[in-house]
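The following exercises ask the reader to examine a protein chain step by step.

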Amino acid sequence: MTQLHIEEVYPKSITNPVLINFQNGYATDNFTTEQCFIYDNDEKETKTIATTLDGLVYAGEEETEDLGRTLILARNKSTGKVRVIESSYVDLKPVFKTNTDAAPLETSTLELSRKFGSKKQKQRMEQREKLKVNIETVTEQMQNVTQEITEDKVDLSSYNKTDSDDFYIPIINRQADKVEEVYDINNIFTEEQYEKIYSELEGKDYDNDLIPIIKSIVKNNLSQRMTVLAVYANYLLQLYITMMKEISKKSFTVCPHSVTLNRHILDNFLLTTNGKRTRPAPYKDKSLCYAMVMLLIINNCKFDLNSLCESIKITPNTAAMKVRVTGASVTTSGSKKVVQLKLPLNTKSSFRRRSAKF
């Protein structure tokens, strides 16, 4: 056996030989040298080799050698000495391009449809072409629009909530020392509104529209502000008994004698959804509760419950439930039931079924 003398050993360094294997074949005598590219992967501390051959791109990553080393033995024929060189091993695989362009196929399909397709097929393809959108143009348009949008921070703390009793009544002073201070008429309308509404009512024949319970109170020569509140209560009660099909009409007017009062009632006791007036159940109850408060204010903090029920066709039990929200109490005097506002205010909560809206 021939003995070889190892002259020198070259461990793997920055530059070292690489043994290459082509996955789909072997190098033949016709193989010519080709330029290759070496890329260092700092994360894996490996190298990637890429080259082109016969119009194909070959690439492969240096394999890790945990269990051994790949060595090349270089022998000098003259001296018989050999050198041991540590190398690495790379398996080159062909890289195929997968993102084919489908535009020519779509174009040919469109042209074929225009030339040979049926009338229905032509219409369908033309419609599909119209629906195609230039994404870049749309993106630019959206950016231009969003630049003009500003954010307005609105304080929502002042909005009433229908799950609170305060939604159904005017501002109430529950710590008042006197009954007259529970509801302040200055919180219902401003001084300018009182004057404007009264001037619009002056000279108008609104007495014929008053319901009996309010007509009997108005006979007591009320002041200007009390007259405004009496008319306010009257049309709130009329709104309460008005059918929804009438309210939804564009020409609907709740108070024909005062434009200001009519607008105030429509804005505060109805909602507008998709251009149509609506009246959710809480808003209907709100109009009745407001009217009860007005009756208490203009009639020395009391009124006949039975007369009110007869005027708007509701039962005393239903009306008594609404009275509780105002802070007033229902007292019985013989066969009459009287609603009276007195101190301390009525804060007792009545039993309410879960399915009940109010």
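Predicted model: local features only at pLDDT ≥ 70, side-chain atom pairs only at ≥ 80, totals over all residues.

Residues are numbered from 1 along each chain as its sequence is written, and side-chain values use heavy atoms, with hydrogens and water left out.

**Exercise 1. The chain as a whole**

Task: State how many helices and strands the chain has, and what percentage of its residues count as buried.

Solution. 
Step 1. The chain has 11 helices and 12 strands. Both are DSSP runs numbered from the N terminus (helices: H or I, at least four residues; strands: E, at least two).
Step 2. Of the 358 residues, 32% count as buried. Buried means under 20% relative accessible area, exposed means over 50%, and partly exposed lies in between (1.4 Å probe, protein chains only).
Step 3. Among contacts with a separation of 6 or more, 62% are between residues 24 or more positions apart. A contact means heavy atoms within 4.5 Å.

**Exercise 2. The surroundings of serine 88**

Task: Determine whether serine 88 is buried or exposed, and which side chain it joins in a polar contact.

Solution. 
Step 1. Serine 88 is located in strand β7, which covers residues 81-95.
Step 2. The relative accessible area of serine 88 is 2%, so this residue is buried.
Step 3. Its side chain has a polar contact of 3.1 Å with the side chain of glutamate 62. A polar contact is a pair of N or O atoms within 3.5 Å; within protein, one must be able to donate a hydrogen and the other to accept it, and residues adjacent in sequence count only if both atoms are side-chain atoms.
Step 4. When neighbours within four places in sequence are left aside, the contacts of serine 88 include Lys12, Asn16 and Pro17.

**Exercise 3. A pair of strands**

Task: Describe how β11 and β12 pair, and over how many bridges.

Solution. 
Step 1. Strand β11 (residues 329-333) and strand β12 (residues 336-340) pair in the antiparallel sense over five bridges. Two strands pair if DSSP finds at least two bridges between them.
Step 2. Serine 329 has glutamine 340 in β12 as its bridge partner.
Step 3. The two strands form a hairpin with two residues between them, and glycine 334 in the turn has a positive phi of about 70°.

**Exercise 4. Salt bridges**

Task: State how many salt bridges the structure holds, and explain why the pair of arginine 69 and glutamate 86 ties together separate parts of the chain.

Solution. 
Step 1. Side chains of opposite charge can pair when their charged atoms come close. A salt bridge is a side-chain nitrogen of Lys or Arg within 4 Å of a carboxyl oxygen of Asp or Glu.
Step 2. The structure holds five salt bridges. One of them joins the side chains of arginine 69 and glutamate 86 (3.1 Å, N to O). Arginine 69 lies in the loop between β5 (56-61) and β6 (70-75) and glutamate 86 lies in strand β7, so the pair ties together parts that are 17 residues apart in sequence.
Step 3. Arginine 69 is exposed at 54% relative accessible area, whereas glutamate 86 is buried at 14%.
Step 4. Another salt bridge links aspartate 285 and lysine 322, whose closest N and O atoms are 3.1 Å apart. Aspartate 285 belongs to helix α9 (residues 281-298) and lysine 322 to helix α11 (residues 316-326), so this pair ties together parts that are 37 residues apart in sequence.
Step 5. Aspartate 285 is buried at 9% relative accessible area, and lysine 322 is buried at 6%.
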